[in-house]
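Hi there,

Here is the structure I promised to pass on to you. Please open it beside this email and look up the residues as you read.

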Amino acid sequence: MTENLIETIDLHKSFAIKGKETLHVLKGVTEHIAKGEVVSIIGPSGGGKSTFLRCLNLLETPESGKIIFEGVEITGEKVDINLHRQKMGMVFQHFNVFPHLSVMKNITLAPVLLGKRTQAEADEQAESLLSRVGLLDKKDEHPSRLSGGQKQRLAIVRALAMEPDVMLFDEPTSALDPEMVGEVLDVIKALVKSGMTSVIVTHEMGFAREVSDRILFMDGGIIAESGKPDDIMNRPQNPRTKEFLSKVLY
Amino acid sequence: MNYFSNIVKIMQKYWQVFLLQGVSYTLLLSLLTVAFGAVLGLLLYLGRSVRFKPLNWLCIAIVEIIRGTPMLLQLYVGYFIVPKILPFPVTEFASVAVALCINSGCYVSEIFRSGIQAVDRGQTEAARSLGLNGRQTMMRIILPQAIKNILPALGNEFIMIIKDTSLASTFFVGELMTACLKVRGNTFLALECMTIVGVIYFVLTFILSKLLGAFERRLKAHD
């Protein structure tokens with residue numbers, strides 16, 4: 001049995017809409033993510049995929065349930081979540097690179113500010129990361145001069161500079177022009193191959209199938225089905241998985 | 001033309017009243033208002049954003065009341081109330097300045113609020129996801145971006161204040177409009193006096209807006 005890196009127990013989350021109505025987005029999600037595992041989460045919009053992912057580093061606070069990360073219950077009281085977030089890299093749909101900072105500063109800000117590295121060490125690390133994703137020639141540019149795909153590669157590198165133990169990807173290619181999807185997926189693929197534990201919310205079915213150890217199908221606030229990519233894609237058991245796949249795999 | 005020769009004559013005799021006394025009082029009053037207004041605006045903004053409901057409500061109430069009542073009324077209130085509540089004697093100039101500062105502070109707090117809110121929420125999320133705490137996120141990520149939204153609006157507020165100080169002439173505090181009223185009283189040449197102060201106000205605000213424009217372009221150049 002491999003070691004659990006992240007464990008969630010019966011997560012519930014709802015959002016208030018216009019005061020009265022509440023939208024119950026997560027209805028008890030219990031899941032384990034092992035060290036080194038690559039998990040993709042697929043499912044229809046509004047099914048709770050992104051909310052689940054954002055709960056993992058507490059960008060959303062679940063109402064009830066537990067999240068245990070590296071043996072620490074981060075949903076507990078008196079936990080300095082900032083320390084644990086340093087170990088969880090996150091990549092967003094809309095990149096969220098810092099427009100007022102140069103490419104280098106985007107990467108080195110957090111490691112230097114949080115006392116992980118000196119500026120010189122961080123610069124050196126940033127340059128080697130940038131060359132890995134083919135952005136070294138852009139290191140002194142501001143993000144406004146980058147294309148969407150370049151911004152997302154920068155965002156990935158920014159997260160990696162903190163040397164996280166897990167990477168969370170929240171629809172990393174959904175906001176990209178089609179011709180730029182490939183370059184970002186290639187970077188993620190290389191990362192995953194190097195053994196990085198990853199949780200990927202995605203609509204790229206082919207990609208999910210190729211890189212994942214396991215695929216979770218989320219619908220209606222629960223994990224409706226979970227299994228090996230081949231089983232989920234070719235032999236889905238749950239009727240909702242079947243229906244979803246029949247719509248997206250034409 | 002009598003009109004133009006009158007203006008020349010007025011300026012020859014009263015230029016000190018306009019250019020020395022009037023302009024310096026107007027600029028002094030504006031600078032005080034901008035400086036203390038910015039400080040008060042920041043305090044009001046912080047008062048609205050901390051997690052303490054009664055303070056939030058108090059600050060919101062102050063801002064709404066000041067924004068919803070005429071400035072002249074506020075100046076009257078300041079003129080009559082400030083000397084009564086302060087334990088030491090204050091000049092009319094100071095009383096009016098206090099009222100102007102409070103008025104400006106409320107508008108400035110709105111400028112801060114909208115400038116900070118205009119920064120995309122994703123920026124906060126990205127910073128927090130890297131492990132930065134709330135204060136680091138505000139100082140290193142949000143404020144540097146918000147400044148670009150805030151400064152132009154703050155510049156406009158400065159220009160508005162220069163014009164708004166003319167209301168202080170109701171209390172004869174010595175700024176440009178007071179100078180106009182004084183000289184008009186001595187010469188009975190209303191149109192000429194108004195032309196002179198109109199031109200001075202315009203020159204002041206025009207120079208300021210050009211300076212601010214150049215400053216804004218320099219900020220934008222870094223984007």
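Below is what was found in it, starting with some ground rules.

This is a predicted model, so to speak of local features a pLDDT of at least 70 is needed, and side-chain atom pairs count only at pLDDT 80 or more, while totals for chains, interfaces and linings use all residues. Residues are numbered from 1 along each chain as its sequence is written, chains are lettered from A and ligands numbered from 1 in the order in which they are written, and side-chain values use heavy atoms, with hydrogens and water left out.

**Where the chains meet**

Chain B brings 20 residues to the contact and chain A brings 24; contact means heavy atoms within 4.5 Å. About 1800 Å² is buried between the two chains, and carbon and sulfur atoms give 59% of this area. Buried area here is the accessible area (1.4 Å probe) that two parts lose on being put together, summed over both. In chain B, the residues that lose the most area to chain A are Ser129(B), Leu130(B) and Arg140(B), together 31% of what that side buries.

One salt bridge is counted between the chains: Glu125(B) meets Arg54(A) at 2.7 Å, N to O. The term stands for a side-chain nitrogen of Lys or Arg within 4 Å of a carboxyl oxygen of Asp or Glu. Helix H5 (121-129) and helix H6 (134-164) of chain B are the elements that give two or more residues to the side of chain B that touches chain A, and H5(B) gives the most, with eight residues. Helices (H or I, at least four residues) and strands (E, at least two) are DSSP runs, numbered from the N terminus.

Gln136(B) belongs to helix H6 of chain B and is buried, with a relative accessible area of 16%. Buried means under 20% relative accessible area, exposed over 50%, and partly exposed in between (1.4 Å probe, protein chains only). Leaving aside neighbours within four places in sequence, Gln136(B) is in contact with Leu113(A), Leu114(A), Gly131(B) and Ile141(B).

**Inside chain A**

Which helix of chain A is largely enclosed by the rest of the structure? Helix H1 (residues 49-56) is, because seven of its eight residues are buried. One of them is Thr51(A), at 12% relative accessibility. Beyond its neighbours within four places in sequence, Thr51(A) is in contact with Lys13(A), Phe15(A), Val25(A) and Leu26(A).

Strands E1 (residues 4-17) and E4 (residues 64-69) of chain A pair in the antiparallel sense over five bridges; two strands pair if DSSP finds at least two bridges between them. His12(A) has Ser64(A) as its bridge partner in E4(A). E4(A) also forms a hairpin with E5(A), with two residues between them, and Glu70(A) in the turn has a positive phi of about 50°.

Over all chains, 20 salt bridges are found. In one of them, Glu163(A) meets Arg117(A) at 2.9 Å, N to O, and this pair links distant parts of the chain, 46 residues apart. Another joins Arg113(B) to Glu110(B) at 3.0 Å, N to O. Both lie in helix H4 (residues 92-117) of chain B, three residues apart, about one turn of the helix. Glu110(B) is buried at 13%, whereas Arg113(B) is partly exposed at 24%. Together with Arg48(B), Glu64(B) and Arg67(B), they are linked in a network of salt bridges.

Enjoy exploring!
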